[in-house]
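Hi there,

Here is the structure I promised to pass along.

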Amino acid sequence: MISTILIIGGGQAGAQAIDTLRREGFAGRLVLIGDEPELPYQRPPLSKKYLSGEMAADRLPFRHRAFYDEHRVELKLGKRAVRLDAAARQVTLADGENLTYDRLLLCLGAESRRLNCPGATLPGVHYLRGLIDVPPIQAGLKPQARIVIIGGGYIGLEAAATARKMGCEVTVLEMADRLMNRVVAPSVSRYFAEEHRAHGVNIICDTRVVHLAGQGRIERVVCADGGSHAADLVIVGVGAIATTELASAAGLACDNGIVVDEYCRTGDAAIYAAGDCTNHPSLHFGRRVRLESVDNAFEQAKAAALNLMDRSVAHDRVPWFWSDQFDNKLLIVGLSQDHDGQVLRGDPASRSFSVCYLKGRELLAVEAVNHSKDYMAARKLIADRTLLNVDKLADSAIALKEAI
Amino acid sequence: MPKIVFTEPGGGRREIEAPLGITLMEAARQHGVQGVVAQCGGACACATCHVYVDPAWLARLEPREEMEEAMLETAWEPRDNSRLSCQIHITADLDGMPVTVPQRQGQG
Ligand SMILES: Cc1cc2nc3c(=O)[nH]c(=O)nc-3n(C[C@H](O)[C@H](O)[C@H](O)COP(=O)(O)OP(=O)(O)OC[C@H]3O[C@@H](n4cnc5c(N)ncnc54)[C@H](O)[C@@H]3O)c2cc1C
Ligand code: FES
């Protein structure tokens, strides 16, 4: 009998698993261990409206505390799990408490990748992953403050947009030749670079940071090409690494994430994992992936919760993602890696367009800029593997859902 | 504080207090109203916060914007009184508004 389920990690995935477990009838003991002191909360606003101060802190948690009481969830917040003994089915917390489980769900998330160049630990150099990171950044986002963002990925760019809206002088330094190069097409990169520049953000690509300089505090960011950028504050957004130590120390297979199957199972029959921390199969795309998105954490945790109760439900979803930068909404659905064709729908100059990725006539992914219609249509077309009419697809006057 | 009266997918009735200044979605989610999934947390990117607002109350709401319109088009069973609850801001004159949560969220 499964009488105790333990969840480690109180982020998007952990919160969702609790919800599904209770709604789907798990009546046993349910414990959530999370090292952040706050009730499980949403991270996306941390680079957007929460960072700018437009959104109050009490809007971040998914649920009120009363919800957890009502659903008999034992919250152990502000407590870190430091050891997992898979053979004894026991977890040890930093304060020495031991907890045993029948089933364990790891929702450990990911951590910001750290810079290791000289000066990387100077005061004034910040990362943005959790609530604790926000106040020191906010304190520096004053009008005219010189903010240097290292990394032109979506978190860096969202932070750049927020800082710019708050009146800061913002520079973004990106190593690749274009922004968000790993996630979007060149036309989308170009569009966002132009948007940021039009708002007064200084975007510099093809540049590698080699040194963070300053007397006791960050003053300049120095690049390999000799460029030197004055900085009152630096935000580093150079990607994230799956949190896996607890799992790997317990002997679970880890390879860019905790390795799980489509049922969210690790190699240990009692241990499951979900969210940013997993390396898992995408059944739709036929390969293993590690995703960092609200959608994946949510859907995978939902599947994991059902499997924890021995209802065999595969995690089989087409992933999606969004990013907000200034008044632009970027919506991405699917995985584009295996495409052999690309179709641009609409004119970027109109500020609303999309890029469709095809393999033969099958739609694999869409990147939609201010184009919710194409995005929503694509979610269904991709999931259903509908074969498209490529001529109609290229005609943006024809709705995407009609391009069949 | 305005009260909102939800009918959950199972038919259950939930009356919740919704503070001014947040959205209908946020009020529902914090209280765990069933069926208001709200995956994207109000970014107008998921359409899983879809609700039916009592038609008599529609006129008190700001009309749908283009993005909401587009998201609702492919939601599960959209109707004339369909709204994304994340796009509705709680105001004093919504006190007592009846809201029905659809049987499903996501695409039909
Ligand atoms: C600034 C920012 C903006 C984002 N914006 C978007 C967006 O616009 N759209 C989108 O789709 N996604 C966005 N994301 C990504 C999204 O938030 C993540 O993909 C999602 O939070 C992953 O959920 P998770 O539960 O897997 O991990 P997390 O939410 O990271 O939760 C993991 C939790 O586990 C805890 N933990 C780890 N190890 C231990 C331990 N040993 N003991 C106890 N607790 C532990 C961590 O402290 C953390 O609280 C954003 C992320 C950030 C940081
Ligand atoms: S919460 Fe995602 S669209 Fe409303």
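This is a predicted model: local features need pLDDT of at least 70, side-chain atom pairs count only at pLDDT 80 or more; totals for chains, interfaces and linings use all residues.

Let's begin with the overall fold. Chain A contains nine helices and 26 strands. Its C-alpha trace spans about 60 × 60 × 35 Å along the principal axes. A compact globule of 404 residues would have a radius of gyration near 22 Å, and chain A has 22 Å, so the two agree. Of those 404 residues, 56% count as buried. Among the contacts in chain A between residues at least 6 apart in sequence, 61% join residues at least 24 apart.

The accessible surface of chain A comes to about 16,400 Å², and carbon and sulfur atoms account for 48% of that.

Finally, one residue to look up in the viewer: G11(A). You will find G11(A) in the loop that runs between β1 (4-8) and α1 (12-23) of chain A. Is G11(A) buried or exposed? Its relative accessibility is 12%, and buried means under 20%, so G11(A) counts as buried. Leaving out residues up to four places away in sequence, G11(A) touches P40(A), R43(A) and F62(A). As for A377(A), it lies 366 residues from G11(A) in sequence and 29 Å from G11(A) in space, C-alpha to C-alpha.

Happy to go through any of this with you.

Best wishes

How values were computed
Residues are numbered from 1 along each chain as its sequence is written. Chains are lettered from A and ligands numbered from 1 in the order in which they are written. Side-chain values use heavy atoms; hydrogens and water are left out. Helices (H or I, at least four residues) and strands (E, at least two) are DSSP runs, numbered from the N terminus. The radius of gyration is taken over C-alpha atoms; the globule rule is 2.2 Å times the number of residues to the power 0.38. Buried means under 20% relative accessible area, exposed over 50%, partly exposed in between (1.4 Å probe, protein chains only). Contact means heavy atoms within 4.5 Å. Accessible areas come from the Shrake-Rupley method with a 1.4 Å probe; for residues, only the protein chains shown count as cover.
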